[in-house]
Amino acid sequence: MRPDLEAAFPHLRGTLYIPTSPKTIQYNCIAWAAGDETQWWQPLGKYYWPPEAPRQKTMNAYIAAFASRGYKRCKDGSLEEGVEKIAIYSLHGVPEHAARQLESGIWTSKLGDLDDISHTLEALEKVHYGDVAVFMARPKAVP
């Protein structure tokens, strides 16, 4: 596997994570979860943030940011046909990360300025990101 990723995220060790794209600073985990590979999403600073969402690093602001993309809170991360889900991780009540569920039920994340990976939700919990605090869902777009 990847010693550099496992050093940064120790809970990846022994899990079936898969790097799925190379390192980039073009976008971050919030943008990736929202389906945007063109810009870095962050409420503070000169980064993109949906105009409908408050420019605050609060759970309500992150929920509003994803709501601007059609997501609504849901009870869990179980796989549902015809539904796209995201998970927002929180450390000490502050949102730190977001992951998007793939059609297989596994999750995908952008790890800061590192790679995108597919992973279990638990593999990224604790250390940097805390625990999953909120799930959100929207109907899948029809191609």
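Predicted model: local features only at pLDDT ≥ 70, side-chain atom pairs only at ≥ 80, totals over all residues.
Me: Which element gives the largest share of the lining of the largest pocket?
Reply: The largest pocket holds about 210 Å³ of space and is lined by 15 residues, with Asn28, Cys29, Gln42, Lys57 and Glu96 lying nearest its centre. The elements that give two or more residues to this lining are H2 and S4. The largest share, 3 residues, comes from S4.

Me: How many residues in the lining of the largest pocket are charged?
Reply: Lys57 and Glu96 are among the lining residues nearest the centre of the pocket, and both lysine and glutamate count as charged. Divided by class, the lining has 9 nonpolar and 4 polar residues, while the number of charged residues is 2.

Me: With which side chain does the side chain of lysine 57 make a polar contact?
Reply: Lysine 57 lies in the loop between helix H2 (29–34) and helix H3 (59–67), and it is partly exposed, with a relative accessible area of 35%. Not counting residues up to four places away in sequence, lysine 57 touches Pro43, Leu44, Tyr62, Val94, Pro95 and Glu96. The polar contact of its side chain, at 3.3 Å, is with the side chain of glutamate 96.

Me: Against which elements do the buried residues of H3 pack?
Reply: In H3, the residues Met59, Ala61, Tyr62, Ile63, Ala65 and Phe66 are buried. One of them, Phe66, also belongs to the largest nonpolar core, to which H2, H3, S3 and S7 each give two or more residues. The elements against which the buried residues of H3 pack are H2, strand S2 (72–74), S3, S4 and S7.

Me: Which residues of the largest nonpolar core touch the most other members?
Reply: The core has 22 residues. The members that touch the most others are Ile30, Trp41, Trp49, Phe66, Ile86, Ile88 and Met136.

Me: What is the phi of histidine 92, and is this residue buried or exposed?
Reply: Most residues other than glycine have a negative phi. Histidine 92, found in the loop between strand S3 (83–91) and strand S4 (94–101), is not a glycine, and yet its phi is positive, at about 55°. With a relative accessible area of 77%, histidine 92 is exposed.

Me: Where is lysine 126, and what is its phi?
Reply: Lysine 126 has its place in the loop between strand S6 (116–119) and strand S7 (131–139), and at 43% relative accessibility it counts as partly exposed. Lysine 126 is a residue other than glycine, but its phi is positive, with a value near 80°.

Terms used: Residues numbered from 1 in each chain as written. Heavy atoms only, no water. Helix = DSSP H or I, 4+ residues; strand = E, 2+ residues; numbered from the N terminus. Buried < 20%, exposed > 50% of the residue type's maximum accessible area, 1.4 Å probe, protein only. Contact = heavy atoms within 4.5 Å. Polar contact = N/O pair within 3.5 Å; in protein donor to acceptor, adjacent residues only side chain to side chain. Core = buried A, V, L, I, M, F, W, Y, C linked by side-chain atoms within 4.5 Å. 1 Å grid on protein atoms, 1.4 Å probe; cavity = no way out; pocket = protein on both sides within 12 Å on 5 of 7 lines; lining within 4 Å. Points joined across faces, edges and corners; volume = space filled by probe spheres on them.
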